[in-house]
Amino acid sequence: MSSPPVHLILDWDGTLTTSSTLPIIAQIGYDRNISRPLPSWNTISDAYMSDLRAHTSIYSPPAVERNTIAQELHWLESLRDVERKSMGRAETAGIFKHVGSGDIQQAAEQALKAATVVLRDHWIDLVGRVLRDGGKVGVVSVGWSGEFIRCFLKTALEASREEAKEGLKVEDIDVRANDIVGGEEGRMNRYFEHGARKGEGGIWTARDKRKVMNEMVAEEGDGKERVLVYVGDSVTDLECLLAADVGICVRDRVESGEQTELKQSLGRLGVGCSNISTMGLDHLRNFTGRGKPVDGNSIWWDSGRRDWVR
């Protein structure tokens, strides 16, 4: 009996890539507005961290007392205003004024050439296998440029010498994220901004990512039964990891702060998380319903090697 097709949804920063791409995105704006006096990116980042620390200090219950999934998800959703304000600062400062598609394409090409953005090994093999087996592939990000993600993946695919890339098109990967609008105002669009209040509607929190994942599944539209697999590395992926049939946490040999935070959160909540090397094909075959495998364990971790590709 063969394994069922997969609907694979990947986080971007730290999951499909080896590190955050946000500084690279920000640099697009600084390069485009080199003659304008702009606050440094460190200033923007420090203001975000200050907001986060202030919010954390007054939030109740604190992390050590949050021991249910509901409590943790409520905490993650409470970060919405912190994230919204951070994007608002970048817009108010005009960092992305006059940025256009050409700037984003050029930045993607430079990032690949300089290896300032690095994709996980075997990503082409992974995506190609899923698609050839009748599956679907998507990327969802709280980051600031879906266009950058698409441009970078296309550039990396064109530059690759892997045989697995034959017949693979970036258009086959469903990328969903906020985006740079640029123009005179230097604004960012918000993925959910239609019908939302001004300044609202971005993909900012774990709940937003879950909402996007639900959209992707609802839009499959071909009647095929697929195993929903979500891969992420941070607490913003928690809700998707819990909701998917199979959730995979990427943990590098030297863990990032985001990876450690997710690991600690899962441990504190009592969510089982096994090494993916112990997963067999039977795990993918034996589902009693979406998110409910027979053995009751749907979250796994991997060190970023090829195990989770296999």
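**Reading salt bridges and burial**

Guide: Let's start in helix α7 (residues 123-132), where arginine 129 and aspartate 125 are four residues apart, so about one helical turn separates them. Helices here are DSSP runs of H or I with at least four residues, strands are E runs of at least two, and both are numbered from the N terminus. The model is predicted, so local features need pLDDT of at least 70 and side-chain atom pairs pLDDT 80 or more, while totals for chains, interfaces and linings use all residues. Residues are numbered from 1 along each chain as its sequence is written, and side-chain values use heavy atoms, leaving out hydrogens and water.

Visitor: What do arginine 129 and aspartate 125 form?

Guide: A salt bridge, with the closest N and O atoms 2.7 Å apart. The term requires a side-chain nitrogen of Lys or Arg within 4 Å of a carboxyl oxygen of Asp or Glu.

Visitor: Is aspartate 125 buried or exposed?

Guide: Buried means under 20% relative accessible area, exposed means over 50%, and partly exposed is in between, using a 1.4 Å probe and protein chains only. Aspartate 125 is buried at 9%, whereas arginine 129 is partly exposed at 39%.

Visitor: Which residue does aspartate 81 meet in a salt bridge?

Guide: Arginine 84, with 2.4 Å from N to O. Both sit in helix α5 (residues 80-93), three residues apart, so they are separated by about one helical turn. Aspartate 81 is partly exposed at 38% relative accessible area, and arginine 84 is partly exposed at 26%.

Visitor: Where do aspartate 103 and arginine 32 lie?

Guide: Their closest N and O atoms are 3.3 Å apart, again a salt bridge. Aspartate 103 is in helix α6 (residues 101-114) and arginine 32 in helix α2 (residues 22-32), so this pair ties together parts 71 residues apart in sequence. Arginine 32 is partly exposed, at 39% relative accessibility.

Visitor: How many salt bridges does a search of the whole structure find?

Guide: The search finds 22. Salt bridges can also link up: Glu77, Arg80, Arg207 and Asp208 are joined in a network of them.

Visitor: And what about the chain as a whole?

Guide: The chain has twelve helices and nine strands, and 49% of its 310 residues are buried. A contact means heavy atoms within 4.5 Å. Among contacts with a separation of 6 or more, 75% join residues 24 or more positions apart. The accessible surface of the chain is about 14,900 Å², with 49% belonging to carbon and sulfur atoms; such areas come from the Shrake-Rupley method with a 1.4 Å probe, and for residues only the protein chains shown count as cover.
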